[in-house]
Amino acid sequence: MDKVLLGLGANVAGPWGNPAETVSKAVARLASAGVQVTACSQLYVTRAIGPGNQPDYVNAVVLGRTRETALRLLVRLKQLERQAGRRLRRRWSARPLDIDILDQGSRVMNATGYGGWRLQLPHPELHKRLFVLAPLAEVAPRWRHPRLGLGADALLRRLPAVQRRRPIRTLPLEPCGGLCE
């Protein structure tokens, strides 16, 4: 089984509830996508990046195991996003759920799979995003970026000072809901 790191985020309500509820429900439904959850971060609230004046995001990172290929897992995660109310819109627009494969088995790949979904591993932006690195450091403190060879804590320290000072807070809700081993 491969280790997999997933980034989850939501900033608008959908059929699964408000963003915090949606992220929590998505974690609970990862088994249906072939992911056995082993650790979950707290829920992190951060300012949205992207077009317009969007609501804050609720983010989490999940560590798990899967037998799925990376491309097959991507398709299954996109199905979960649709169940949560996501529809294709312009890049970085508000959404009820976004699930990204951050890393799977420390692979480096750039491929297009079934349905035309494009997948780059490790995720090409993860080392630049506070809202990914903070929860990643929480769930996988020994993880190393497959290309850069640095852990999440070291990558956090490399972020520009202005980005490291960006407001971030956690919610008292723990999204794993007893699913973790």
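Which residue forms a salt bridge with arginine 95, and how far apart are the closest N and O atoms? The partner is aspartate 98, with the closest N and O atoms 3.6 Å apart, where a salt bridge is a side-chain nitrogen of Lys or Arg within 4 Å of a carboxyl oxygen of Asp or Glu.

The model is predicted, and for that reason local features need pLDDT of at least 70 and side-chain atom pairs count only at pLDDT 80 or more, while totals for chains, interfaces and linings use all residues. Residues are numbered from 1 along each chain as its sequence is written, and side-chain values use heavy atoms, with hydrogens and water left out.

**Overall layout**

The protein chain holds five helices and eight strands, where helices (H or I, at least four residues) and strands (E, at least two) are DSSP runs numbered from the N terminus. Read from the N terminus, the elements follow the order β-α-β-β-β-α-β-β-β-α-α-α-β. Of the 181 residues in the protein chain, 51% are buried, a word that stands for under 20% relative accessible area, with exposed meaning over 50% and partly exposed lying in between (1.4 Å probe, protein chains only).

**Salt bridges**

Side chains of opposite charge can pair when their charged atoms come close.

Arginine 95 counts as buried because its relative accessible area is 9%, and aspartate 98 counts as buried because its relative accessibility is 13%. A network of salt bridges links Lys78, Glu81, Arg86, Arg95 and Asp98.

**Strand 3 and its neighbours**

Strand 3 (residues 43–46) is covered on both faces, with buried Leu43 and Val45 on one side and buried Tyr44 and Thr46 on the other. Two strands pair if DSSP finds at least two bridges between them. Strand 3 runs antiparallel to strand 8 (residues 168–171), to which four bridges join it, and there the bridge partner of tyrosine 44 is threonine 170. Strand 3 also runs antiparallel to strand 4 (residues 57–66), through three bridges, and in that pairing valine 45 stands opposite valine 58.

Helix 3 (residues 130–139) is largely enclosed by the rest of the structure, because nine of its ten residues are buried, among them Leu130, Phe131 and Val139.

**A pocket**

The second largest pocket is lined by residues including Lys3, Leu63, Asp103 and Trp143, and strand 1 (residues 2–10) gives the most to this lining, with three residues. A pocket here is an open set of points on a 1 Å grid over the protein atoms alone, where a 1.4 Å probe fits, with protein on both sides within 12 Å along at least five of seven lines, and lining residues have an atom within 4 Å of a point.
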